[in-house]
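Please look over the sequence and the model shown here. The briefing that follows takes up a few local features, grouped by topic.

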Amino acid sequence: MVSSPHEALHRIFRVDPGLFARLLPRAGIVFPEHTAIEPLDTDLTEIRPLERRVDSVFRVRVADDEGGFVLAVESQGKPDPDKHSSWTYYLAHLYAKYRLPPYLLVVCKDKATASWAAEPIRVGRAFHTSLVVFPLVLGPGVLPVITEADEAARDLGVAVFSALAYAKDPGLTAILDALASGVANDVEESRSMGNSEMGEDVDRVDWAEIVEIGLGEGPGRDYWRHLMATYTPNFPGSNSIVEESWREGRAKGQAEAKTEDILHILEVRGIEIPDSVRERVTDCTDLDMLGTWLDRSLSATHAEDLFGEE
């Protein structure tokens with residue numbers, strides 16, 4: 001799973017590779033009909049002391065083309081002139097390595113960076129240009145804002161990326177409100193389409209986690225956590241797939257929180273935690289049992305005391 005806002009902005013495509021074909025047309029970029037999109041190795045190093053890694057790389061297979069093309073994805077947080085030489089190198093190396101047309105997609109979170117990234121990179125002097133790179137860009141000002149829950153529910157992958165792209169927008173709360181409702185209430189709709197590219201095979205809890213990490217520290221992330229913590233199904237007791245997913249996600253979060261508390265209390269009290277105890281506590285999903293172990297962690301003299309006479 002993603003571990004930082006920078007990583008979330010490009011790894012979302014690894015979670016849902018079909019997102020390219022649904023997202024780029026919204027920015028006015030034509031994406032060809034394809035048969036598969038496959039992640040590739042991101043290591044573009046040739047001389048080990050000079051390591052170069054692109055954020056994400058995909059091979060797109062096209063039905064009427066034997067080879068297809070290669071798509072390099074870079075998450076960019078701010079304008080950085082040094083990136084121009086790196087991006088030019090990435091494309092040249094990918095072309096030499098795969099003998100396929102390479103394309104660069106830059107994903108951004110603010111309009112200034114998106115505008116900067118979209119500028120052609122020209123290599124040469126006034127008398128002659130040897131090479132020109134035309135980056136594709138996704139970010140605020142390029143993509144439409146999604147503030148309607150039904151639109152968010154129709155394609156959660158697109159809605160999640162839109163929320164991350166507009167993470168610095170003053171209207172972020174409205175975007176997150178729509179996304180939260182879409183994530184929580186309308187997964188059933190996308191699943192009923194029977195289309196694997198719609199990302200319905202991605203669990204709503206995974207989407208929620210990507211959003212939380214992708215927003216980074218700040219009021220936006222706090223607001224999203226509040227939305228996820230206070231959400232209740234529209235039709236409680238209906239045993240719908242959405243309510244079941246919500247219950248499972250909430251129980252998982254509560255179990256993880258209790259697990260962390262148990263281990264933290266033992267560590268603070270200076271009690272050594274054998275691997276076998278740590279593994280047993282971490283693997284447990286029974287909230288009642290975890291509650292019992294949490295109570296015992298306050299007075300236990302040995303980590304094994306958590307389990308009493310069990």
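Two strands are said to pair if DSSP finds at least two bridges between them, and helices (H or I, at least four residues) and strands (E, at least two) are DSSP runs, numbered from the N terminus. The model is predicted, and local features need pLDDT of at least 70, side-chain atom pairs count only at pLDDT 80 or more, and totals for chains, interfaces and linings use all residues. Residues are numbered from 1 along each chain as its sequence is written, and side-chain values use heavy atoms, with hydrogens and water left out.

**Strands 1 and 2**
- Strand 1 (residues 36-40) pairs with strand 2 in the antiparallel sense, over five bridges.
- Within strand 2, Val57 is the bridge partner of Leu40.
- Strand 2 (residues 56-62) is largely enclosed by the rest of the structure, because six of its seven residues are buried, where buried means under 20% relative accessible area, with a 1.4 Å probe and protein chains only.

- Ser162, which lies in helix 6 (residues 156-165), is buried, with a relative accessible area of 2%.
- Leaving aside residues up to four places away in sequence, Ser162 touches Pro144, Val145 and Ile146, a contact being heavy atoms within 4.5 Å.
- At the start of helix 6, a side-chain oxygen of Asp155 reaches to within 3.2 Å of the backbone nitrogen of Gly157.

**Packing of helix 1 against helix 6**
- The axes of helix 1 (residues 5-15) and helix 6 come within 10 Å and cross at roughly 165°, where axes are lines fitted to C-alpha atoms, for helices over the stretch in contact, and angles run from 0 to 180 degrees between N-to-C directions.
- That angle makes helix 1 roughly antiparallel to helix 6, a term that applies to angles over 145 degrees.
- The contact is made by Ala8, Leu9, Ile12 and Phe13 of helix 1, together with Gly157, Val160, Phe161, Leu164 and Ala165 of helix 6.

**The segment around His302**
- His302 lies in the segment after helix 13 (287-297), and its C-alpha atom is separated by 9.8 Å from that of Pro274, 28 residues apart along the chain.
- The side chain of His302 makes a polar contact with the side chain of Thr301 (3.2 Å); a polar contact is a pair of N or O atoms within 3.5 Å, where, within protein, one must be able to donate a hydrogen and the other to accept it, and residues adjacent in sequence count only if both atoms are side-chain atoms.

Key
Buried < 20%, exposed > 50% of the residue type's maximum accessible area, 1.4 Å probe, protein only. Parallel < 35°, antiparallel > 145°, perpendicular 65-115°, else oblique.
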